[in-house]
Amino acid sequence: MTTTEIKQPNFPPKEFKDFKRDLIHKRKQHGSLIPLLQSAQDSYGYIPEKVIHYISELVEIPAADIYGVITFYAQFRLKPLGKNVIRICEGTACHVNGAKSILRTLQDDLGVAVGETTDDGVFTLLSVACLGCCSLSPVIMINSDTHGNLTPDKTRKIIKKYKQETAKEVQHEGN
Ligand code: FES
């Protein structure tokens with residue numbers, strides 16, 4: 001079957017043009033929903049509702065079933081990531097050196113659980129198995145910066161700094 005023979009959805013939004021090409025390519029390769037969802041997440045950082053309906057038409061699977069698949073796999077997100085992504089290491093070295101208390105501190109300070117984003121969209125909290133710098137445990141990464149040898153106090157100060165910097169950036173963008 002050629003690309004032009006594949007059934008097109010009734011409402012391909014214009015902004016999905018590149019994404020659509022990728023979808024059709026992947027559909028030809030695998031005929032599977034998972035690569036399509038991965039492609040959507042790579043394009044948008046999460047899987048928007050519009051895209052779910054678009055994929056639903058394209059692959060002829062009900063949107064409700066696609067939601068089921070998305071919520072089953074931890075790798076997929078239905079909401080965009082926050083401006084700052086915090087990855088807390090829960091690997092063995094970090095666990096032994098107090099990762100639990102760092103996690104509690106982050107959850108209390110931000111008011112979110114692992115996998116969630118703050119209501120203001122400033123922070124997303126994720127957990128990972130090892131960040132590869134065990135000698136600095138307990139460790140978190142915020143975006144691409146590593147913060148090690150953490151204590152709850154040090155963690156609160158780091159988060160405060162990111163909050164202040166983000167508030168400044170927002171203020172600057174508003175001017
Ligand atoms: S166990 Fe935490 S960085 Fe390796």
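Which residue in β4 is the bridge partner of Ile-140? Keep that question in mind while we walk through this structure, which is a predicted model.

Let's start with the sheet. Four strands form an open sheet, and their order is β2-β1-β3-β4, with mixed pairing. At the edges sit β2, residues 123-128, and β4, residues 145-147, each of which pairs on one side only. If you compare neighbouring strands of this sheet, they are turned by 25 degrees against each other on average, direction ignored.

Now follow the pairings across the sheet. β1 and β2 run parallel, and six bridges join them. In this pairing, Val-85 stands opposite Thr-124 in β2. On to the next pair: β1 and β3 are antiparallel, with three bridges between them. Here you can find Ile-86 opposite Ile-142 in β3. Finally, β3, which covers residues 140-142, pairs with β4, again in the antiparallel sense and over three bridges. This is where our opening question is settled: the bridge partner of Ile-140 in β4 is His-147.

A helix also packs on this sheet: α6, residues 99-110, touches β1 (84-89), β2 and β3. The direction of α6 makes about 155 degrees with that of β1.

Next, let's look at how helices pack on each other. Two packed helices are described by the angle between their axes and the distance between the axes. For α6 and α7 (residues 152-174), the angle is about 40 degrees and the axes are 9 Å apart. The crossing of α6 and α7 is right-handed. On the α6 side, the contact involves Ser-101, Ile-102, Thr-105, Leu-106 and Asp-109, which meet Pro-152, Thr-155, Arg-156 and Ile-159 in α7. Sorted by class, this contact has four nonpolar, three polar and two charged residues.

The axes of α3 (residues 49-59) and α4 (residues 63-72) come within 9 Å and cross at roughly 120 degrees. Because of that angle, α3 is oblique to α4. The crossing of α3 and α4 is right-handed. Where do they touch? From α3, the contact is made by Ile-52, His-53, Ile-55 and Ser-56, and from α4 by Ala-63, Ile-66 and Tyr-67. By class, the contact of α3 with α4 has five nonpolar and two polar residues, but no charged ones.

Notes
Residues numbered from 1 in each chain as written. Predicted model: local features only at pLDDT ≥ 70, side-chain atom pairs only at ≥ 80, totals over all residues. Pairing = 2+ DSSP bridges. Helix = DSSP H or I, 4+ residues; strand = E, 2+ residues; numbered from the N terminus. Axes fitted to C-alpha atoms, helices over the stretch in contact; angles between N-to-C directions. Contact = placed C-beta atoms within 7 Å. Parallel < 35°, antiparallel > 145°, perpendicular 65-115°, else oblique. Left-handed = near helix turned anticlockwise from the far one by under 90°. Nonpolar A, V, L, I, M, F, W, Y, C, P; charged D, E, K, R; others polar.
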